[in-house]
Amino acid sequence: MTLDVARIRKDFPILDRQVRDGQPLVYLDSANTSQKPRQVIERLDEFYERHNANIHRASHQLGEEATAAYEGARIKAAGFIGARDETEVVFTKNVSEGINLVAYALGNATAGQSGGSGRFRLSPGDEIVITEMEHHSNIVPWQLLCERTGATLRWFGVTDDGQLDLSQTSQLINERTRLVALAHQSNVLGTINPVREVADAAHAAGAVVLVDAAQSVPHMPVDVQELGADFLGFTSHKMCGPTGIGVLWGRRELLEEMPPFLGGGEMIESVWMDHSTFAPPPHKFEAGTMPIAEAAGLDAAIDYLTDVGLDAIRAHEQDLIGYALDALGTVPGLRVLGPSDPAARGAAIAFTLEDVHPHDVSQVLDEHGVAVRAGHHCAWPLHRRYGIQASTRASFYLYNTTAEVDALVQGIGQAQRFFGGV
Amino acid sequence: MRLESLYQEVILDHYRHPHHKGLREPYDAEVHHVNPLCGDEVTLRVTLKDATGEPVVADVSYDALGCSISQASASVMSELIIGKTVPEAMSLAEEFLRLMQSKGQTEPDEEVLGDGVAFAGVAKYPARIKCALLGWMAWKDATAQALEEQDD
């Protein structure tokens, strides 16, 4: 099935914009944040114009409507990723917050905090395993947790062609391992990781598995059961939805046994002056007024992606990646990071250019209307692994075209000419 | 064209042929600064001397990894401040910072900033201002440390 990209583009008003003195926008930064279709923007407007109220506690019709919108989004999100039911879906601000939620729940359990079981207690000698290709948001919370609990952080290395080095699995994952956290898809290399294989090894060792699915859920069908995940995070703004809301999915029995992360309104069962008891999940993890309109927007985004079809989006992006890898392969001095096989990749391609710094590449591209990202993409250790300081990343989504890939390649040529002779 | 207003020939020249690059001995203080946004790094050394009762920037040397703007800026800076008294160099750093914060509205004084005026275009690109300031910030930090050492 091929996408009608011309029709899809009409749904995204921003794609008609001109930038930098009349250049048509070529938006190749969707791994950073995606653009939003009219359907999502209209849902946000509709919520504020017709249904706005606080949820769960307003005793009036608008409160009922707002609550229905918010809880309806939870049901939609649960179905979207194959959760057992919506009580397994915790709304967060973003994936970073979802990962921190799990890390702090573990730390809080270790400190003996009430509201969970002792199952998540960590001691010195326990190990947490991550990978060298993680985003900082799946590195730093674990470093901090290890600091607080005395647990040890270990990690999978990556191979020269950007795959996880699974030859290390049996040494890394052992009876001391308590949690394994990894990206479903690298935000730099584009590599789609064999989560199931790692998860099976983790489960055999009695560890739980957290999957950072920020880069995969927007672009391909993802089923938490098939992946063998115990926790999985994704974020609305990378999948055509608004910023400010994300999802942490967790197996119900785990969420029940975890102590809370943030305390406040709505997450309690009962409060006395000297102690409290807590609501069952997911509400135990949702303190204070949540992003309600954003939940409605996420609901609309899931509808939008489901209507287009995640399989069709994945197929379209595979075509674009294949086309882009071929086209970039013709540029002298250009080195693509990550796997050369399009099937092993998602929709992000990071590269370096001999003699032109990524910041300068992106500046020239921007001058021609081509929006990419330059830097370490919040994956500094990964860049060090490849002996580079930074890279330029082009990332694609359902609305991108091969003509836009051509514009990218042309812009790279212009950057090379401009900085030529350096 | 806008690109040429950002990447003026002076900047490209300093980028291609940086002055005072490469770490030198002896030195009074060494610092390592990074731009956490993009990963640009600079290691910078300063040597002060105090012949006339006022500390003078005797030498600045550096090793840097980064974009054309950060590289050229470190080169231009070392050209400008070596040989100046520390108060003079600090006031140049302030002047350069003012230029970077001007959003492109200020006409810089070439008498004061020399080749530094070429960076006026950078002020219009918020994402690049930190690149231009990386070397300057490192120098200010290193100089403060060197002065502290002298006091000890």
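This is a predicted model: local features need pLDDT of at least 70, side-chain atom pairs count only at pLDDT 80 or more; totals for chains, interfaces and linings use all residues.
Residues are numbered from 1 along each chain as its sequence is written, and chains are lettered from A and ligands numbered from 1 in the order in which they are written.

Chain A has 14 helices and 17 strands, where helices (H or I, at least four residues) and strands (E, at least two) are DSSP runs numbered from the N terminus. The radius of gyration of chain A, 22 Å, is close to the 22 Å that the globule rule gives for 422 residues, so chain A is as compact as a globular protein of that length; this radius is taken over C-alpha atoms, and the rule is 2.2 Å times the number of residues to the power 0.38. Along the principal axes, the C-alpha atoms of chain A fill a box of roughly 70 × 55 × 35 Å. Of the 422 residues in chain A, 53% are buried, a residue being buried if 20 or more other C-beta atoms, placed from the backbone, lie within 10 Å of its own.

The domain assignment divides chain A into domain 1 (5-30 + 309-418) and domain 2 (43-305), with bounds that come from an automatic or database domain assignment. The C-alpha centres of these two domains of chain A lie 29 Å apart. Across their boundary, 25 residues of domain 1 of chain A are in contact with 24 residues of domain 2 of chain A, contact meaning that the C-beta atoms, placed from the backbone, lie within 7 Å. On the domain 1 side, helix 11 (310-329), strand 14 (348-353), helix 13 and strand 17 (391-395) of chain A each give two or more residues, and helix 11 of chain A gives the most, with five residues.

The largest nonpolar core holds 131 residues, of which A:Val180 and A:Val211 touch the most other members; such a core is a set of buried Ala, Val, Leu, Ile, Met, Phe, Trp, Tyr and Cys residues joined through C-beta atoms within 7 Å. Helix 10 (residues 292-308) of chain A supplies the largest share of this core, 11 residues, and the core draws at least three residues from each of domain 1 and domain 2 of chain A. Leaving aside residues up to four places away in sequence, A:Val211 touches A:Leu182, A:His184, A:Val195, A:Leu227, A:Ala229, A:Phe231 and A:Leu232. A second, separate core of 39 residues includes B:Tyr15, B:Ile69, B:Leu99 and B:Met100.

Chain B comprises six helices and three strands, and from the N terminus on its elements run α-α-β-β-β-α-α-α-α. Buried residues make up 39% of its 152 residues. In helix 2 (residues 9-16) of chain B, B:Ile11, B:His14 and B:Tyr15 are buried; seen down the axis of helix 2 of chain B, the buried residues fall within an arc of 105°, so they line one face of the helix, the arc being that of the directions from the helix axis to the C-beta atoms. Helix 3 (68-81) of chain B is included in what covers them.

Where the chains meet, the contact takes 16 residues from chain A and 13 residues from chain B. Helix 12 (358-367), strand 16 (373-375) and helix 13 (380-385) of chain A each supply at least two residues of the chain A side, and the largest share, five residues, comes from helix 12 of chain A.

Methods
Two residues are in contact if their C-beta atoms, placed from the backbone, lie within 7 Å. A residue is buried if 20 or more other C-beta atoms lie within 10 Å of its own, exposed if 12 or fewer, and partly exposed in between; C-beta atoms are placed from the backbone.
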